[in-house]
Structures are given as structure tokens and as C-alpha cells.
Amino acid sequence: MSDQAATAARVGRVAGKVAVVTGGCSGIGLASARRLAAEGAIVVIGDVDDARGPEVATQVQGRYVHTDVTSADQVAALFATAARAYGSVDIAFNNAGISPPEDDSILDTDLEAWRRVQEVNLTSVYLCCKAALPYMIEQRRGSIINTASFVAVMGAATSQISYSASKGGVLSMSRELGVQFARQGVRVNALCPGPVNTPLLQELFASDPERAARRLVHVPVGRFAEPEEIANAVLFLASDEASFITASTFLVDGGISAAYVTPL
Ligand SMILES: NC(=O)c1ccc[n+]([C@@H]2O[C@H](COP(=O)([O-])OP(=O)(O)OC[C@H]3O[C@@H](n4cnc5c(N)ncnc54)[C@H](O)[C@@H]3O)[C@@H](O)[C@H]2O)c1
């Protein structure tokens, strides 16, 4: 069966749609790639993890394209590969991001650490949107989902200054693009997850339970999210069920951003 015939044969809530997922080799991106594929999308993963990429692509019956999201050429090649192989770019889940320990209080974060986080978390989203939009505008349809964070709408005394600023940038860029391209059939939303139970978070908090408790007390639901719960929101925003949702701050945060006093 040809690639384009394979696209047409799929069934589900995003059947036959072509989805590009950055950071699809781990965490939220991986769960979303799996969920989108299970609902009939053709998934093209852009990531730098060449060890896991091909295996993940096989799992989701899609493709892996080595892509450093800070490179304009590599990002353009990622979206061109999806369009050429499968005939369209319907969904762009611009999700790759980092949260390194060198990014801390503004008093301790040097310019190099600041810039690295801005490049991977914010410039990357600019590059991915810039690459995806021409395909979507021409098709007169498309859903762009950019991963921001709850820290884009709340302040933390446990600062990661460049990370928070980058996510604020992702949020306002997504809002602006959602407004600008609304009448051309392209929706753009900022997904704002609360803290998610990823290996990174588990390791950090296993070694320091007090650190986990300090954060958990603010979550009305009383736990962190599972990546699959974030993937459900990605699927919804990607699908035509979200046809009237654009330029939104789409919080999936267990109620954190609404809470003053949480249940005991
Ligand atoms: N985990 C959380 O608690 C949480 C909360 C809110 C928002 N987020 C955001 O969600 C997104 C995904 O986070 P996660 O927890 O799944 O992270 P993760 O570390 O599990 O996965 C990130 C993926 O991005 C890839 N990546 C890193 N740098 C890249 C680059 N330059 N080019 C291409 N790919 C690159 C990694 O290889 C990895 O596969 C990030 O934008 C993160 O900021 C995470």
C-alpha cells in the first residue's frame, strides 16, 4: 500500500490526518504520538533522540525524522517530509522543550543558560509554526498545538526564569497566530499542562520528598498528571471536535491555576 493510500485507510477521531509531533520520543510527546496514531493519524516525529526515534516510529506506524528544533533548516525539512510523504500537514504539535538545572533563579542563571532555553523552548515554536503555516493556509485547514505550561500564567518562588519566560512567549505567540489565521481555517492553541509525572520529575522528587510535597499542596486534584491525560487534550485540540477553539490558553492543570486554598 502506498503512503497516501495508508493515510486514507485509517479510522478514528483524527483519521487520515497527518500529524507532526516534536519531542515525540518521550513524555508528553510520546503519549500524544501514540494517542494520535491510535485515533487514525499518520504521525511524523521530529526529535534528536536517534536511539529511540526509529523504534517509536515503528510503534506508531509512522516516521522519525532527526530534527533539532532550534535549526530552521531541519524544522523546514521535517514539515516538508510529512507533506511530501503523506500529502498534507494537518496537525502540528510543537512540543519539544527542556528544563535544565542551570536555569534557576535570575540571580544564578547566566546568559548562556538563558539563551539555550529560549532557543529550544521558544525559537523552536516560532520555527515550527513558520514552517507549518504555509501548508495549512494552502489547505485552508490545520490545527497547531504549542506546548506552553501552567507557569506561563502563574509565578513560582522556585524559579526557572528562562523556562517561565519562554512559556509566556509560547502562550502569547500562539494567541496571536490563532487570531491572525482564524479565517484561513487554521487553529492555534497553547496547551498549558500542570506538572506531569515524567521520569525527570519522578527522579527529582524521589531524592527529595519535601520538594514534591511543596508542589503537590497546590494541586486541587492532589496528584501530578499522567502524560496520557495531557495526550487526551492534544487529541481533542487536534481533532475537528475542537473546531471552534482557537487562540486559547488551554489549561490541563488539575485546577492549580484556579486555586487559593486546596483540600486537605
Ligand atoms: N513534564 C512536565 O511537568 C511539564 C509541564 C508543563 C509543560 N511541559 C512541557 O511539555 C513539553 C514536553 O515535556 P516532557 O515532560 O514530555 O519532556 P521530556 O524530556 O520527557 O521529552 C522532551 C522531548 O524533547 C526532545 N528534545 C529536547 N531537545 C530537543 C531539540 N533541540 N530538538 C528536538 N527535540 C528535542 C527530547 O529528546 C525528548 O524526546 C516541554 O515543552 C515541556 O516544557 C512539561
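These legends describe close-up views of a predicted model. Local features need pLDDT of at least 70, side-chain atom pairs count only at pLDDT 80 or more, and totals for chains, interfaces and linings use all residues. Residues are numbered from 1 along each chain as its sequence is written, and side-chain values use heavy atoms, leaving out hydrogens and water.

**View 1. Asp 103 sits in a loop between strand 4 (91–94) and helix 5 (111–139).** Helices (H or I, at least four residues) and strands (E, at least two) are DSSP runs, numbered from the N terminus. Asp 103 is buried (under 20% relative accessible area, 1.4 Å probe, protein chains only). Asp 103 has no salt bridge (a side-chain nitrogen of Lys or Arg within 4 Å of a carboxyl oxygen of Asp or Glu). The nearest side chain of opposite charge, Lys 167, is 10 Å away. The Asp 103 side chain does reach the backbone nitrogen of Ile 161, at 3.3 Å.

**View 2. Phe 79 and Ile 144 touch the most other members of the largest nonpolar core.** Such a core is a set of buried Ala, Val, Leu, Ile, Met, Phe, Trp, Tyr and Cys residues joined through side-chain atoms within 4.5 Å. Helix 5 gives the largest share, nine residues. A second, separate core of 30 residues includes Ile 91 and Leu 191.

View 3. A backbone N or O atom of Val 69 lies 3.0 Å from a ligand nitrogen. A polar backbone atom of Asn 95 is 2.8 Å from a ligand oxygen.

Definitions and conventions:
Buried means under 20% relative accessible area, exposed over 50%, partly exposed in between (1.4 Å probe, protein chains only). Lys and Arg count as positive and Asp and Glu as negative; His and the chain ends are not counted. A polar contact is a pair of N or O atoms within 3.5 Å; within protein, one must be able to donate a hydrogen and the other to accept it, and residues adjacent in sequence count only if both atoms are side-chain atoms.
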